[in-house]
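Subject: Structure handover

Hello,

Here is the structure for your files, with notes on what was found in it below.

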Amino acid sequence: MVLVVAVGSENPVKVAAVRAVFSRIFGAVNVFAVKVNSGVPPQPFNEDTVKGAVNRAKEALRRCPADFGVGIEAGLFNMPKAKFLRTGFVDVQWCAIADREGRISLGCGPGFEHPPAVIEQVIREGVEVEQAFEALTGEKNIGEKAGAVGFLSKNLTNRREITEMCVLMALIPMLNKQWYFK
């Protein structure tokens, strides 16, 4: 039996990351991109990021006859007490996984700080990080390629790799249901 996974996004990086992680764990999988509304602002902050991931996972599962729905959302988390952050914000990607029994698990990937000019534009003009990053660097559609993290890390990592990490972290409770779900 082939596992079916519905990803609440048409972003090719997110879909490829889900396919890579699920196939590593479960073998043969069919992964479908499902266009959904996250239910949060285009540039989420703090808890809205997690809420968007959960909304995407549940909606993808509702719209597709899949075994799992996966939602991935990147957002800015305000860390005002982290005195060495230049901007006070860390970009963290969250993944939510929903199954047919109504269980939801969460995981996040590594976080990093954007250049101050990016955060200032996001706050001042209300644009998404991707738009502000493009204005700063000239890189178009960076979120569907290596991502800002790829550009900023000089390609030592990329968006797909950090997305794979958040998917794997979200799968931990699903792989260990006996300890996480009663």
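A salt bridge here is a side-chain nitrogen of Lys or Arg within 4 Å of a carboxyl oxygen of Asp or Glu. By this rule the count is ten. The model is predicted, so local features need pLDDT of at least 70 and side-chain atom pairs count only at pLDDT 80 or more, while totals for chains, interfaces and linings use all residues. Residues are numbered from 1 along each chain as its sequence is written, and side-chain values use heavy atoms, with hydrogens and water left out.

Salt bridges

Glu 164 pairs with Arg 24, with 3.4 Å between the closest N and O atoms. Glu 164 is in helix 6 and Arg 24 in helix 1, so this pair ties together parts 140 residues apart in sequence. Helices (H or I, at least four residues) and strands (E, at least two) are DSSP runs, numbered from the N terminus. Glu 164 is buried at 17% relative accessible area, whereas Arg 24 is exposed at 56%; buried means under 20%, exposed over 50% and partly exposed in between (1.4 Å probe, protein chains only).

Another salt bridge joins Arg 103 and Glu 101, at 2.9 Å from N to O. Arg 103 is partly exposed at 21%, and Glu 101 is exposed at 58%. Glu 125 and Arg 124 form a further salt bridge, their closest N and O atoms being 3.3 Å apart. Through shared partners, salt bridges also join Arg 24, Arg 160 and Glu 164 into one network.

Nonpolar cores

A nonpolar core is a set of buried Ala, Val, Leu, Ile, Met, Phe, Trp, Tyr and Cys residues joined through side-chain atoms within 4.5 Å. The largest has 19 residues, and among those touching the most other members are Val 5, Phe 22 and Val 167. Elements giving two or more residues to this core include strand 1 (3–7), helix 1 (12–26) and helix 6 (159–175). Helix 6 gives the most, with five residues. A second, separate core has 18 residues, including Val 50 and Ala 60.

Strand 1

Strand 1 runs parallel to strand 2, joined by five bridges, and parallel to strand 3, joined by three; strands pair if DSSP finds at least two bridges between them. Val 7 has Ala 33 in strand 2 as its bridge partner, and Val 5 has Phe 68 in strand 3.

Regards
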